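User: Hi! I have a structure here that I'd like to go through with you, one question at a time. Could you help me read it?

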Amino acid sequence: MPFAEPNTTRSASGGQPGSRRAQILAAAAELFARHGFHGVGINDIGAAVGISGPALYRHFRSKDAMLGEMLTSISEVLLGGALERVRTAEGPLAALHALIGWQVDFALDNPALITVQERDLGNLADSDRQQVRALQRQYVEVWVSAISQVVPAAGEPAARAASHAVFGLINSTPHSAHLDRGQMAELLHRMALAAVRAA
């Protein structure tokens with residue numbers, strides 16, 4: 001697999017799991033998802049973690065930097081998890097099932113991050129946006145490779161289109177609260193697999 005292994009030691013929202021940075025980013029993600037990036041001030045984020053707004057500058061130089069680390073971390077975690085699942089899968093179909101399960105679990109467990117990722121990419125600084133886009137492209141290519149092996153007649157353009165369609169399907173989960181988590185995960189997995197095979 002011709003992809004560089006990213007740093008996956010961060011939590012999904014960024015920072016070392018359990019660290020103060022990770023706590024701040026998790027709180028910021030919830031606030032950004034609820035109110036939008038521009039609807040949240042530094043004092044709001046500080047209040048959510050029990051410190052003053054200005055004290056956040058000991059951890060991040062700006063609110064923009066928080067968003068940059070948050071979205072870069074999401075992309076690194078997703079890519080690293082995908083590469084690991086493909087590496088350890090016993091065959092192409094198992095790899096595809098593992099990728100679908102990974103994306104479903106991430107979306108169900110991190111609805112705020114999924115919302116921020118979809119809505120606030122345009123608010124990133126240019127350098128952060130380029131980095132996130134590069135990581136996202138690598139993530140898509142892992143899926144394209146897996147889909148192409150399971151559905152070889154699809155061709156690369158269809159496999160790429162199917163990948164994006166599956167992401168859209170799975171990432172709609174922050175707006176769905178009609179089933180419990182287990183039922184939702186099973187439904188999304190079946191629907192995603194059907195969408196891939198339809199390619």
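Analyst: Happy to! Helices (H or I, at least four residues) and strands (E, at least two) are DSSP runs, numbered from the N terminus. This is a predicted model, in which local features need pLDDT of at least 70 and side-chain atom pairs count only at pLDDT 80 or more, while totals for chains, interfaces and linings use all residues. Residues are numbered from 1 along each chain as its sequence is written, and side-chain values use heavy atoms, with hydrogens and water left out.

User: How much of residues 41-60 is helix?

Analyst: UniProt, in an unreviewed entry, places the feature "DNA-binding region" at these residues; such annotations may be inferred rather than shown by experiment. The end C-alpha atoms of residues 41-60 lie 14 Å apart.

User: How many helices does the chain have?

Analyst: From the N terminus on, the elements run α-α-α-α-α-α-α-α. With 0 strands, the secondary structure comes to 8 helices.

User: Where is Asn-171 found, and is this residue buried or exposed?

Analyst: Asn-171 is in the loop between helix H7 (156-170) and helix H8 (181-198). Buried means under 20% relative accessible area and exposed over 50%, with partly exposed in between (1.4 Å probe, protein chains only). Asn-171 has a relative accessible area of 8%, so this residue is buried.

User: Which residue has a side chain joined to that of Asn-171 by a polar contact?

Analyst: Contact means heavy atoms within 4.5 Å; leaving aside neighbours within four places in sequence, Asn-171 is in contact with Gln-103, Ala-107, Ile-114 and Glu-118. A polar contact is a pair of N or O atoms within 3.5 Å; within protein, one must be able to donate a hydrogen and the other to accept it, and residues adjacent in sequence count only if both atoms are side-chain atoms. At 2.9 Å, the side-chain partner of Asn-171 is Gln-103.

User: Which helix gives the most to the lining of the largest pocket?

Analyst: A pocket is an open set of points on a 1 Å grid over the protein atoms alone, where a 1.4 Å probe fits, with protein on both sides within 12 Å along at least five of seven lines; lining residues have an atom within 4 Å of a point. The largest pocket is lined by 18 residues, and Asn-171 is one of those nearest its centre. Helix H3 (63-88), helix H5 (111-120), helix H6 (126-150) and H7 each supply at least two lining residues. The one that gives the most, with 7 residues, is H6.
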